[in-house]
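Hi,

Here's the structure I said I'd pass along.

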Amino acid sequence: MSQHFLLSAQARTLSVAKVARMTDEEAREVFRAIRWADNDGQPYCPRCGCVAVYEHASRPIWSCQACQAQFSVTSGTIFASRKRPLKDYLLAIALFVNGAKGMPALQLARDLDCQYRTAYVLAHKLREAMAADQHDAKVGGPNEIVEVDGAYFGGYIRPENRKVDRKDRRLAENRSGKRRVVVALRQRQGRTLPFVFYDEARSHRTIVDRVKPGSTVYADESRAWDRLHSQFDVGRVNHGVTFMDDGVCTNQVESFFSRLRRAEIGQHHHISGRYLDCYAREMAWREDNSREDNGTLFRLVAAAAAAHPPSRDWSGYWQRDR
């Protein structure tokens with residue numbers, strides 16, 4: 001029997017211990033090579049793009065000869081205005097990508113020896129950078145198959161101790177109002193795009209906008225997908241009877257939901273509906289890159305963090321809370 005890829009040596013090309021032993025200078029050189037890979041690792045001004053820059057002898061910063069702006073290796077990135085050594089951020093990325101089902105903020109705080117709040121915001125910044133290319137992405141196309149399905153998360157209400165006191169939690173009046181549905185579009189041999197709604201029926205417009213014309217859509221028996229027949233060639237499978245009907249199934253999108261549920265139950269234990277879309281996009285990225293070695297995942301996340309501007313949602317998050 002062949003060995004699973006994640007258990008093979010080919011999946012392990014990055015050593016967390018090696019990243020932890022980096023000096024500050026080595027960490028800057030690694031991030032510099034990743035950030036300015038399009039210029040052979042040579043820095044250029046993040047403000048005007050000028051390549052005529054010179055490095056200061058006293059501090060690890062550069063100045064632009066065109067606009068006179070000063071910048072460091074993290075200026076204009078999601079790590080801008082950092083307060084910890086750059087090595088800690090590279091170590092956080094290495095630990096983050098090694099978690100097949102995600103990395104809880106509490107564990108990240110222990111590994112980095114920092115406050116929980118610091119690790120929480122850092123993890124969300126990484127999620128934001130990882131999912132940056134999903135905002136305007138589309139799936140499918142002529143002769144392509146896109147699987148569509150939804151899964152509900154949150155809003156759990158603990159039943160009463162005595163049976164006579166229990167209520168039917170399927171009724172709307174007996175729910176907490178916190179339940180959300182993640183509707184995922186997954187192209188076979190392609191990428192995954194998740195979206196969060198209050199119910200599946202509200203996802204129709206998003207599906208039409210994000211699935212390219214000419215695609216074949218596979219869905220289950222839910223009535224929420226009936227309207228898709230007017231825009232696409234739709235194949236349906238009744239899960240109450242069979243999981244696959246003449247090749248029509250939603251197994252690949254169910255694989256994504258399995259990863260998301262394992263992340264909620266086994267790693268984070270609770271995901272707020274307010275940030276459910278952040279975790280869903282992270283798991284979509286992990287699902288799409290599950291066949292990459294951890295060294296490649298490290299470079300992908302580091303490059304995404306270097307290309308992403310400072311976060312408007314997470315910079316100063318706890319200060320706004322006060």
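One thing to keep in mind as you read: this is a predicted model.

I started with the largest pocket. By class, its lining has 10 nonpolar residues, along with 6 polar and 6 charged ones. That lining is made up of 22 residues, and the space in the pocket comes to about 560 Å³. If you want to find the pocket on screen, go to Lys-83, Thr-118, Val-121, Lys-125 and Gly-316, which lie nearest its centre. Helix H5 (116-130) and helix H10 (317-321) are the elements that give two or more residues to the lining. H5 has the largest share, with 5 residues.

Next, the strands. S5 (residues 180-187) pairs with S6 in the antiparallel sense, over 6 bridges. Is S6 buried or exposed, by the way? Of the 6 residues in S6 (192-197), 5 are buried, so the strand is largely enclosed by the rest of the structure.

There's also an open sheet of 3 strands, in the order S1-S2-S3 and with antiparallel pairing. S1 (53-55) and S3 (70-71) stand at the edges with a single partner strand each, so one side of each has no neighbour in the sheet. S1 is joined to S2 (residues 62-64) by 3 bridges, and Val-53 stands opposite Cys-64 in S2.

Cheers

Note on methods:
Residues are numbered from 1 along each chain as its sequence is written. This is a predicted model: local features need pLDDT of at least 70, side-chain atom pairs count only at pLDDT 80 or more; totals for chains, interfaces and linings use all residues. Side-chain values use heavy atoms; hydrogens and water are left out. On a 1 Å grid over the protein atoms alone, a cavity is a set of points where a 1.4 Å probe fits but cannot get out, and a pocket is an open set with protein on both sides within 12 Å along at least five of seven lines; lining residues have an atom within 4 Å of a point. Grid points are joined across faces, edges and corners, and a volume is the space filled by probe spheres set on the points. Helices (H or I, at least four residues) and strands (E, at least two) are DSSP runs, numbered from the N terminus. Ala, Val, Leu, Ile, Met, Phe, Trp, Tyr, Cys and Pro count as nonpolar, Asp, Glu, Lys and Arg as charged, and the others, Gly among them, as polar. Buried means under 20% relative accessible area, exposed over 50%, partly exposed in between (1.4 Å probe, protein chains only). Two strands pair if DSSP finds at least two bridges between them.
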